[in-house]
Amino acid sequence: MAKKIPTYPEYADETSPFRSVPWHQRIAANEIHEVVAGGTRRLMVLMPIQHGKSFLASDRIPSYALGRDPRSHILLAAYGASLVGRGVMQNRRTMAGEYWQKTFGWPIGEKDTQSELIMDVPGQDGRFSLVGA
């Protein structure tokens with residue numbers, strides 16, 4: 001029996017430090033799911049500062065997309081190098097976590113590229129690249 005792949009809102013809940021996201025993040029997470037699933041081609045996430053844009057986008061989308069399809073090529077661009085570094089660190093941490101390992105079932109960690117700007121998926125063609133100013 002194949003494992004059930006969670007929707008992006010379910011994934012955001014499970015990987016949130018609080019095990020739940022607020023209502024305004026759930027709205028954005030539903031729209032992000034449509035992008036990752038291929039139903040929507042473009043999406044702009046606009047929220048006030050400190051309302052979870054980075055958590056939902058740069059900190060979680062790459063790990064979710066690579067979990068769904070380890071052959072994905074993902075590019076994260078940000079206006080500052082510190083945001084880029086945070087994105088790769090958060091995604092690595094999420095992918096090494098018990099929930100991600102149990103849900104998607106393929107290893108990541110020791111064999112992945114340890115560069116700040118790129119993370120290859122071991123044994124797959126997938127790649128998570130980062131660009132920052």
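This is a predicted model: local features need pLDDT of at least 70, side-chain atom pairs count only at pLDDT 80 or more; totals for chains, interfaces and linings use all residues.

Guide: The relative accessibility of Ile 32 is 3%. Buried is the term for residues under 20%, so Ile 32 counts as buried. What does Ile 32 touch, leaving aside neighbours within four places in sequence? Its contacts are Tyr 8, Leu 43, Val 45, Leu 56 and Ile 61. For a sense of distance, take Arg 42: along the sequence it is 10 residues from Ile 32, and in space the two C-alpha atoms are 9.5 Å apart.

Ser 16 lies between α1, which covers 8-15, and α2, which covers 23-36. With a relative accessibility of 4%, Ser 16 is also classed as buried. Once residues up to four places away in sequence are set aside, Ser 16 is in contact with Val 21 and Phe 55.

Phe 55 comes up again at the largest pocket. This pocket has a lining of 26 residues, and those nearest its centre are Gly 52, Lys 53, Ser 54, Phe 55 and Ser 58. The volume of the largest pocket is about 680 Å³. Which elements supply at least two residues each to its lining? They are α3 (53-56), α4 (61-68), β1 (73-78) and α5 (81-96). Strand β1 gives the most, namely five residues. Sorted by class, the lining of the largest pocket holds 16 nonpolar residues, eight polar ones and two charged ones.

The residues that line the second largest pocket are Glu 14, Thr 15, Arg 19, Arg 60, Gln 90, Arg 93, Thr 94, Gly 97, Glu 98, Tyr 99 and Trp 100. How do these residues divide by class? Two are nonpolar, four are polar and five are charged.

Set side by side, the two linings read as follows. In the largest pocket, 16 residues are nonpolar and two are charged. In the second largest pocket, two are nonpolar and five are charged.

Key. Residues are numbered from 1 along each chain as its sequence is written. Side-chain values use heavy atoms; hydrogens and water are left out. Helices (H or I, at least four residues) and strands (E, at least two) are DSSP runs, numbered from the N terminus. Buried means under 20% relative accessible area, exposed over 50%, partly exposed in between (1.4 Å probe, protein chains only). Contact means heavy atoms within 4.5 Å. On a 1 Å grid over the protein atoms alone, a cavity is a set of points where a 1.4 Å probe fits but cannot get out, and a pocket is an open set with protein on both sides within 12 Å along at least five of seven lines; lining residues have an atom within 4 Å of a point. Grid points are joined across faces, edges and corners, and a volume is the space filled by probe spheres set on the points. Ala, Val, Leu, Ile, Met, Phe, Trp, Tyr, Cys and Pro count as nonpolar, Asp, Glu, Lys and Arg as charged, and the others, Gly among them, as polar.
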